[in-house]
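Thanks for coming. I will walk through one structure, a few places at a time. Please have a look at it before I start.

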Amino acid sequence: MNLFRSVKGVFVGSGSDGMKLPGVCAEVVRLTGKAAPSVLYVGTATYDSAAARAGQCGRLLEAGCRPDILQLTMDDTRETAEPKFEACDVIVVSGGNTLFAVHQWRKMGVDDLFAKAARRGAVLSGGSAGAIFVFDAGHSDSGDPESFHPDIVGRRLLELSEEDKGKWEYIRVPGLGILPGLMCPHYDKVQSNGVLRATDFDGMMKKHKGERGLGLDHWCALISKGDGSYSVFSPEGKEGSVLDDGSHSKERQGK
């Protein structure tokens with residue numbers, strides 16, 4: 001099976017905001033072909049935060065989806081993870097710190113389970129880190145101190161001034177290579193370091209000649225239909241970077 005052509009997925013520019021959009025939820029459910037699909041939530045990138053899980057799965061629960069949780073920073077192991085991957089119709093990967101999540105999956109030996117689920121037809125979904133992980137690599141804010149877990153950074157983060165907290169840089173992080181290319185979520189956003197993602201992404205692309213890059217605006221979703229085709233979900237009333245003539249708006253005056 002050609003995995004690139006067969007992957008079904010909904011990949012959003014933002015985890016928390018994007019996964020709360022009713023239209024995104026509807027696309028995820030539609031791709032499964034089931035009225036009440038089973039959902040596996042993988043919250044590693046948010047260190048298995050219950051609050052993040054509630055925000056990013058709420059719409060799917062409202063739609064009647066049946067949830068399960070994989071906690072790979074807590075209790076779950078490869079042995080407990082495998083049957084959960086095999087049983088689900090949808091995998092939702094949280095936003096958060098992509099670099100930590102991918103490292104944790106590889107350390108625990110569960111990284112291959114995502115592709116295996118995609119091969120049998122499970123829908124991959126998520127925003128921000130939940131979009132990056134599917135691709136070869138990602139343009140990531142994993143260097144932002146605010147995305148670090150306090151138990152990992154300890155007092156060092158608490159001692160940083162607000163000015164120092166804003167001196168981080170975007171980094172290139174590895175994904176799982178289920179789809180080809182370099183993914184940039186929040187493409188139209190300026191984050192706490194004061195740098196527009198789109199501008200920094202351009203610079204990163206120039207360092208990797210011939211690579212394909214995909215930029216997803218904060219409110220945008222890329223829908224991979226599992227037959228080699230795709231569509232773009234653009235909600236009404238939300239700002240974006242694409243003007244009517246196709247040019248780019250750094251001020252988010254487009255859709």
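Tyr41 lies in strand β2. A word on the ground rules: this is a predicted model, in which local features need pLDDT of at least 70 and side-chain atom pairs count only at pLDDT 80 or more, while totals for chains, interfaces and linings use all residues. Residues are numbered from 1 along each chain as its sequence is written, and side-chain values use heavy atoms, with hydrogens and water left out. Helices (H or I, at least four residues) and strands (E, at least two) are DSSP runs, numbered from the N terminus.

Is Tyr41 buried or exposed? Tyr41 counts as buried, at 2% relative accessibility. Buried means under 20% relative accessible area, exposed over 50%, and partly exposed in between, with a 1.4 Å probe and protein chains only. Setting aside residues up to four places away in sequence, Tyr41 touches Thr46, Ala52, Arg53, Gln56, Cys57, Asp68, Ile69, Leu70, Val92 and Ser94; contact means heavy atoms within 4.5 Å.

One of those partners is Gln56. Gln56 lies in helix α3 and is buried, with a relative accessible area of 2%. Apart from neighbours within four places in sequence, the contacts of Gln56 are Gly15, Ser16, Met19, Tyr41, Val92, Val93, Ser94 and Gly95.

For a sense of distance, take Tyr41 and Arg172, which are 131 residues apart along the chain. Their C-alpha atoms are separated by 25 Å.

Most residues other than glycine have a negative phi. Tyr47 is not a glycine, yet has a positive phi of about 60°. Tyr47 is buried, with a relative accessible area of 14%.

The other case is Ser128, with a positive phi near 60°. Ser128 sits in the loop between β5 (123–127) and α7 (129–132), and counts as buried at 8% relative accessibility.

**The sheet**

Next, a sheet. Four strands form an open sheet in the order β7-β6-β8-β9, and the pairing is mixed. Two strands pair if DSSP finds at least two bridges between them. The edge strands are β7 (171–174) and β9 (213–215), each of which pairs on one side only. On average, neighbouring strands of this sheet are turned by 25° against each other, direction ignored. Axes are lines fitted to C-alpha atoms, for helices over the stretch in contact, and angles run from 0 to 180 degrees between N-to-C directions.

Strand β8 (residues 179–184) pairs with β9 in the parallel sense, over three bridges. Met183 has Leu214 as its bridge partner in β9. Helix α5 (residues 98–108) lies across β6 (135–140) and β7, and runs at about 25° to β7.

**A helix pair**

Last, helix α4 (residues 78–87) and helix α6 (residues 112–119). They pack at an angle of about 15°, with their axes 10 Å apart. Angles under 35 degrees count as roughly parallel, over 145 as roughly antiparallel, 65 to 115 as roughly perpendicular and the rest as oblique, and α4 and α6 are therefore roughly parallel to each other. Which residues make the contact? From α4 they are Arg78, Ala81, Glu82 and Phe85, and from α6 Asp112, Leu113, Phe114, Lys116 and Ala117.

That is the tour.
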